[in-house]
Amino acid sequence: MRLNLRKHLSEGQLRAYEDNELDHISIGHVRQHLVSCESCRGKAATIYERAGLVGEQFERTSTENLYLPDGPSRNRLEVYISSKEVQPMFKKFVSRQPRLVFSTVLLLVLISSMLAFPQVRAIATNFLGLFRVEKIAAVPINLANIPDDISQAVPRIEKMLADDMVVEEFGEVYEVESYTEASAAAGIPVRLPYSLGEPDKMTVQPGARLTFTVDLPRMRAILDEMGRQDVELPQLLNGQTVTAEVPASVTAMYGDCNEEVEGYDPDGHGKSNSNCMVLIQLVSPTISAPPGLDINKIGTTYLELTGMSAEEAERFSQTVDWASTLVIPVPNYSSSTEVLVDGVQGVWVNQPERGDNSRFMLAWVKNGIVYSLSGRGPLQEAVHIANSLN
Amino acid sequence: MQESAVEASGMIAAGEEVTDTIDLVKQNLGHLSNKSSPAGTDFEGLFHEYWSKVCSLLAHMVGDSDEAEDLALEVFWRLSLRPHLFSQGQNLGAWIYRVATNIGYNAIRSRKRRQHYELNAGRDQIERRGDHNPAEKLESAEDSRQVREILSRMKPRSAKILTLRYSGLTYSEIADTLDVSVRSIGTLLARAEREFEQRYRYMERGQR
């Protein structure tokens, strides 16, 4: 910063001088000017006194924690990242950018479906298999059992698969004024809980379709990196397509819900307000895949990839109808239980947080429509709200 | 004969494609997991270099160490969602500070949070530390609350520049974080300090 010696010094120059943030030449000029200019000396004194006051106040805001980056902090981050991936899964599933969940599911479906195909079998090009979510089940997973390379690989694999994946979004989320408007937009009779009164806000998220076309060389490379060289990929699979359809969804918000934190921005701030309750409803999503798919094998492989042993996965797999069940992985620091809600079997997932302010998600499927109620509070309150849907 | 030649060349081309794809995959997979790369170029390196700094900065802003850690987790979680940043040659330190100051500023600006801090932050800290001189500490907590109150009312850029500077960042780091010219930092800082002092004096008068 070059200075004109005769010109008075600016506040910025004096402030930078105090912080020793000027270059050597400028420091010399400021020093020289201050010797001969009483006005600037006075100005400098005021600025430095003010900086002293501010510095003193800030000094009092420092805390005594050391925040060492290793050990517990790093572990906490791992748990935090995992909880972020799992907890808002349903929200992401129906949100505007469902890429992560979809592509992960599709990838797993794809990998597993390849296992099910005899190499000699001719594969039809039309989709014959159609799976629709009719039930929701929770499966407990131990995060410690998930291989590092799998969890780290998913986002990178997703990036690599971007060329093979087409996401069609049928519009941006928009606000609606009434449940009639919401019903017309989503094509379903929207139900609202009378126990909560009128929603503070209602939005409609138009549907989306995701199409994945198999690029065999790429898939082989990915499987190789995942350490799954044992998976054989029949040449006929090349060019096959898997499609997932998510219909339009309606979100009703009650209480002080910040839109940013309630799922429209999956990258948004994760802190939710304590009195916010969100109800999402949509027609069951569907996945279409090539025929001849061994759905049980898919399910078992999916569970193995979430960290279960082959035996555990096999055992759990036998209890689930994979063709119609959306299985939500629940990490070990959360709890889940099956509950009777809205006249059907649903799943309650509870995630404890600091204090007694637990976060929950209650999900169920009734008459072909998936419902998810999330917020904070005890199980009884959530079920009471869900049972009051009209 | 001719057909065989075409077939053979097709196979070679397909083979090359597979090799290229595998190389591409390996390059991509290497980005985030390269443990041997120097600190600052991979996620682990960045976490190691910036975790403490980000926690301290956020603690300055929100005045509560637990809350600061929670918000810092949020910062690194957001970073983990953006593997593409690692390959774009971006100044990731500036990115981290920018996200941290945004998150911290939003936290103190939130009306509910501010009320919560006013009521609980100082008291909680004192109780947690088991201080022997609670009266003195309570006064200190009150000062700390006052700083956050002032910051929450200031212009966003002014509040952020003060937090960054008094957390120890250089002018160059602040300029990168706020995406302004380094030559303007002195002026912006002096202006922010003036605003801080005015609000501080006003608050002091109100308390008398």
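At a relative accessibility of 7%, Glu149(B) counts as buried (buried means under 20% relative accessible area, exposed over 50%, and partly exposed in between, with a 1.4 Å probe and protein chains only). The structure is a predicted model, in which local features need pLDDT of at least 70 and side-chain atom pairs count only at pLDDT 80 or more, while totals for chains, interfaces and linings use all residues. Residues are numbered from 1 along each chain as its sequence is written, chains are lettered from A and ligands numbered from 1 in the order in which they are written, and side-chain values use heavy atoms, with hydrogens and water left out.

The side chain of Glu149(B) meets that of Arg153(B) in a salt bridge, with an N to O distance of 2.6 Å (a salt bridge is a side-chain nitrogen of Lys or Arg within 4 Å of a carboxyl oxygen of Asp or Glu). Both residues belong to helix H6 (residues 134–153) of chain B, where 4 residues, or about one helical turn, separate them. Helices (H or I, at least four residues) and strands (E, at least two) are DSSP runs, numbered from the N terminus. In contrast to the buried Glu149(B), Arg153(B) is partly exposed, at a relative accessible area of 45%. Elsewhere, Arg15(A), Asp19(A), Arg165(B) and Glu193(B) are joined into one network by salt bridges that share partners.

Over all chains, the structure holds 12 salt bridges. One of them pairs Arg50(A) with Glu197(B) at 2.9 Å, N to O. Arg50(A) is in helix H3 (residues 38–59) of chain A and Glu197(B) is in helix H9 of chain B, so this pair joins two chains.

Arg191(A) lies in the loop between helix H8 (179–186) and strand E5 (201–205) of chain A, and Asp342(A) in the loop between strand E12 (335–341) and strand E13 (344–351), so the pair ties together parts that are 151 residues apart in sequence. Arg191(A) is buried at 16% relative accessibility, and Asp342(A) is buried with a relative accessible area of 8%.

Chain B contains 9 helices and 0 strands. Of its 208 residues, 48% are buried. Among contacts (heavy atoms within 4.5 Å) with a separation of 6 or more in chain B, 63% are between residues 24 or more positions apart. The chain exposes about 10,400 Å², of which carbon and sulfur atoms supply 48%; accessible areas come from the Shrake-Rupley method with a 1.4 Å probe, and for residues only the protein chains shown count as cover.

Most residues other than glycine have a negative phi. Asp179(B) has a positive phi, near 55°, and is placed in the loop between helix H8 (171–178) and helix H9 (185–207) of chain B. Its relative accessibility of 65% makes Asp179(B) exposed. In chain A, Asn20(A) also has a positive phi near 55°. Asn20(A) lies in the loop between helix H1 (11–18) and helix H2 (24–36) and is exposed at 58% relative accessibility.

Leu216(A), in helix H9 (residues 216–225) of chain A, is buried at 1% relative accessibility. Its C-alpha atom is separated by 5.2 Å from that of Asn238(A), which is 22 residues away along the chain.
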